[in-house]
Amino acid sequence: MAIVLHTPEEIEKMRIAGRLASEVLDYITPFVVAGVTTNKLDQLCHDYIVNEQQAIPAPLNYAPDGHAPYPKSICTSINQQICHGVPSEKELKNGDIVNLDITVIKDGYHGDTSRMFMVGSVSPQAKRLCDLTYQAMWRGIEKVKPGNTLGDIGYAIQSFAEKNGYSIVREFCGHGIGKKFHCEPQVLHYGKPGAGLTLKPGMIFTIEPMINAGRRDIKFMPDGWTVVTKDRSLSAQWEHTVLVTEEGFEIMTVSAGTPARPTL
């Protein structure tokens, strides 16, 4: 499948979709507290996307080949859940870490982003994992410029995570995005410098490393969607949608509450 190089008009639509996705995370932040159910978070986000943004929650009824339709509007992945956690009546508790993954469709274009949230007082180990995963994502983002490769991105993330004693989930990766939710290229969060596709202006893709405190091995839960660490260790993930510009990169999933770029 050909890699899409987006036009200025398409890029502007992606900016809007990306901002809206990020604003959902801004909106939901005060509600991510001990005692709330992930179903409640899902319902709040769904209503905000549909009623306030006049947009569509992309995950709802999304059904890639081999999967039953995803039943909710957001993904909520708690503690040892790596990704695609399905909201339920499970209540968040003090000390949990949770990833909220938001994708909205606005005027036919997708904005995709996720953040980690720390519920109440979390352990130093959990906070370190969340913080270093954020830094790892940014180390990948900072390799985005014309002439660099996808391998440069993957290597920057992998080498940093492994240097800090963590492991990279390899079964899931970033992806091209635009009119389609998932398309080429696949953006691996591991790799070798100089390897893989060469970046060109107009490419848009997500960078969304999933990093485990323990081993990288995964396991699917019976719902067919939720993925957990096989050794039950904590996992964290952050995600931005990124545009390759003439000079470097632009983060498309930015809003008033977007966490600051870290000092690396």
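**The annotated binding site**

Mentor: His84 is found in the loop between β3 (81-83) and β4 (97-106); strands here are DSSP runs (E) of at least two residues, numbered from the N terminus. This is a predicted model, in which local features need pLDDT of at least 70 and side-chain atom pairs count only at pLDDT 80 or more, while totals for chains, interfaces and linings use all residues. Residues are numbered from 1 along each chain as its sequence is written, and side-chain values use heavy atoms, with hydrogens and water left out.

The "binding site" annotation comes from an unreviewed UniProt entry and covers His84 and His182. UniProt positions are given in the numbering used here, feature names are shortened, and such annotations may be inferred rather than shown by experiment. The annotated residues are spread over 99 residues of sequence, yet they cluster in space, with a largest C-alpha distance of 14.4 Å. Both His84 and His182 belong to the lining of the largest pocket. On a 1 Å grid over the protein atoms alone, a pocket is an open set of points with protein on both sides within 12 Å along at least five of seven lines, and lining residues have an atom within 4 Å of a point.

His84 has a relative accessible area of 25%, so it counts as partly exposed. That class lies between buried (under 20%) and exposed (over 50%), using a 1.4 Å probe and protein chains only. Apart from residues up to four places away in sequence, His84 touches Tyr70, Cys75, Ser77, Phe172, Trp225 and Thr226; contact means heavy atoms within 4.5 Å.

His182 lies in another loop, the one between β7 (174-176) and β8 (183-187). His182 is partly exposed because its relative accessibility is 36%. With neighbours within four places in sequence left aside, His182 is in contact with Tyr62, His175 and Gly176. With Tyr62 there is also a polar contact of 2.8 Å between the two side chains. A polar contact is a pair of N or O atoms within 3.5 Å; within protein, one must be able to donate a hydrogen and the other to accept it, and residues adjacent in sequence count only if both atoms are side-chain atoms.

In short, the record names His84 and His182, and both are found in the lining of the largest pocket.

Conventions: On a 1 Å grid over the protein atoms alone, a cavity is a set of points where a 1.4 Å probe fits but cannot get out, and a pocket is an open set with protein on both sides within 12 Å along at least five of seven lines; lining residues have an atom within 4 Å of a point. Helices (H or I, at least four residues) and strands (E, at least two) are DSSP runs, numbered from the N terminus.
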